[in-house]
Amino acid sequence: MKRSGQDWWGIALAVLSGAAIVIALTMVFVYAPREATMGDVQRIFYFHVSSAWVGFLAFFVTFLAGIGYLARRERRWDIVAVSSVEIGVTFITMAIITGSLWARPAWGTYWTWEPRLTISAVQLLIYVSYVMLRAAIEGPERRARFAAVYGIVAFVTVPLSWFAIRWWRTIHPDVLTSGEGMALTSRMVQTLLFSVGAFTLLYVTLLRQRIRLEQATDVLLYLRARIRDL
Amino acid sequence: MENLSYLVAAYIVFWALTFVLVFSIWARQRRLEQEIAALAAQLKENEE
Amino acid sequence: MGVGLSLHSYLGKVWAIIVKDVVAEFRTREMISAMLVFSVLALLIFSFALDLRGAMARAAAPGVLWATVAFSGTLGLSRSLAREQQNGCIDGLLLAPMDRSAIFFGKALGNLAFMVVVEIMLLPLFSALFNVPLLRIGVLGVTALGTTGYAAVGTLLAAIAVNTRAREVMLPVLLLPLVVPLLIAAVKTTGGLIEGGTLAELGGWVRLLVAYDLIIVAVSMLTFGYVVEE
């Protein structure tokens, strides 16, 4: 168990990701140009795509952690899995809400079955199922094992869902889904890439904190057991 | 442009969700650390 | 270990499990009749709720068919695995790691058989009610492909669900988000075939179905052992 001192890595990461987000925001509102057709409302795009990316990345990490757990059977893999899910759920929800807020001015409706929104919805549902599964299992070993299996199988279906949804939407192109309808300039691409990077850094920071929280929970359970045995 | 309200709302959502997540983790961490300290002290007492 | 294990004895184990399940079901036929009755009721409810007549019925037919299969499938899957747990058969079957994939194939193929039996009885009724030509080679092939993938991942997830507090209720929650690509591809292909499309035109969708089946069967088989290992 680590001695409780100052968490230098945590502070450094927090400062870095905070700075990255601030820079990203500046780029979004100042550096990126005003979009031709949609106007300023298009600026939602950068953080919308970035949050969708983190939602997916978090799921991928859970997938890897599941494989790791089944291979090694060490609690730390399960800790990563459950921590990543909590962060992933938050960002996928963010992606869906911001996507919805963009869809309304862009296409006149709060919901559209456009590929990124739809796949985000599917991922959110899978996340929720994962959490419900964990909640319904007693015994930490079984919970970790079953969750690992589900995380693996579920993640494998996501690329397949992505292709299916895209083809589903392109066969009947409506005004809603014929491309983003955006004129992308190089400044926009840079802003997008930087936002994605800033969000990834933010994800790493939050993941680390959530992992430490889960580790502390383990310590607490251990201490409680010790006291019970007295 | 009246659409700016959507833009503002979207970034409020970003901040709100991020803040809720960060605060939630921080609050739980604090509560846990307090309980851990209390239990550790209790254990120490009993061992003396 | 494994020295005397041949393909012949492996297939023998798989076959033994299938026969055991089929014979057990044949005695009471309760699961298949429940699935069939449920499917017919689902058809009726969809017809009433969506007011499906004439052209609308034809257009909605593929979707209604696959939605019905998806929902009634969860009935059969939970039942099949719950029965296994009740009788404690699986413990007797768990002799060696090799056997776990044999158990998976045995259970999955048995579940597939049950679903196919129900579909064989359902399709003619469906064709008549919705006035669509479903009894064609193409449609039957797609139905078989779709049901295969569904049965594979469903068997894996049913094995997990049966071991949770919520038991059967957990299965639809776990299963349905993962069969999204399957359902989209199956509906699109079935619909295309009804409209007289050729397999060449629908090639992309069929490839997606096959890809889904291959990937999901592989992943389910590989992870099944971890679910039943206790």
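Below is a short exchange about a predicted model and the reasons behind its labels.

User: What scores does the model carry, and what is the confidence in chain C?

Analyst: The model is predicted. Its scores are ipTM 0.91 and pTM 0.92. Chain C has a mean pLDDT of 88, and 92% of its residues reach 70 or more.

User: Where in chain C is confidence lowest, and where is it highest?

Analyst: Helix α4 of chain C, residues 89–93, is lowest, with a mean of 64. Helix α7 of chain C, residues 170–175, is highest, at 95. Local features need a pLDDT of at least 70.

User: Why is R73(A) called partly exposed?

Analyst: R73(A) has 13 C-beta neighbours inside 10 Å. Buried needs 20 or more, and exposed needs 12 or fewer. The count of 13 falls in between, so R73(A) is partly exposed.

User: What makes the phi of R73(A) worth a remark, and where is the residue?

Analyst: Phi of R73(A) is near 55 degrees. That is a positive value in a residue other than glycine. R73(A) sits in the loop between α2 and α3 of chain A.

User: Why is R167(C) called partly exposed?

Analyst: R167(C) has 16 other C-beta atoms within 10 Å. The cut-offs are 20 or more for buried and 12 or fewer for exposed. The count of 16 lies in between, so R167(C) is partly exposed.

User: What is the phi of R167(C), and in which loop does the residue lie?

Analyst: Phi of R167(C) is positive, about 55 degrees, although R167(C) is not a glycine. Its loop runs between α6 (137–161) and α7 of chain C.

User: How do you know what kind of secondary structure chain A has?

Analyst: Chain A has 6 helices and 0 strands. Along the sequence the pattern is α-α-α-α-α-α. The C-alpha atoms of chain A fill a box of roughly 70 × 40 × 25 Å along the principal axes.

User: How many residues of chain A count as buried, and what do its contacts join?

Analyst: Of the 230 residues of chain A, 45% count as buried. Take the contacts in chain A between residues at least 6 apart in sequence. Among these, 79% join residues at least 24 apart.

User: What makes up chain B?

Analyst: Chain B has 1 helix and 0 strands. Its C-alpha trace spans about 70 × 5 × 5 Å along its principal axes. Buried residues make up 12% of the 48 residues in chain B.

User: How do you know that chain A touches chain B?

Analyst: A contact needs C-beta atoms within 7 Å. By that test, 29 residues of chain A are in contact with 24 residues of chain B. The elements of chain A that give two or more residues to this side are α2 (44–72), α3 (75–107) and α6 (186–228). α6(A) gives the most, with 12 residues.

User: Which classes of residue form the side of chain A that touches chain B?

Analyst: That side has 17 nonpolar, 6 polar and 6 charged residues.

User: What makes Y150(A) stand out in the largest nonpolar core?

Analyst: This core has 149 residues. Y150(A), V153(C), I160(C) and L174(C) touch the most other members. The largest share of the core, 17 residues, comes from α3(A). Setting aside its neighbours within four places in sequence, Y150(A) is in contact with Y130(A), L133(A), I160(C) and L174(C).

Definitions and conventions:
Residues are numbered from 1 along each chain as its sequence is written. Chains are lettered from A and ligands numbered from 1 in the order in which they are written. This is a predicted model: local features need pLDDT of at least 70, side-chain atom pairs count only at pLDDT 80 or more; totals for chains, interfaces and linings use all residues. Two residues are in contact if their C-beta atoms, placed from the backbone, lie within 7 Å. Helices (H or I, at least four residues) and strands (E, at least two) are DSSP runs, numbered from the N terminus. Ala, Val, Leu, Ile, Met, Phe, Trp, Tyr, Cys and Pro count as nonpolar, Asp, Glu, Lys and Arg as charged, and the others, Gly among them, as polar. pLDDT is the predictor's confidence in each residue, from 0 to 100. A nonpolar core is a set of buried Ala, Val, Leu, Ile, Met, Phe, Trp, Tyr and Cys residues joined through C-beta atoms within 7 Å.
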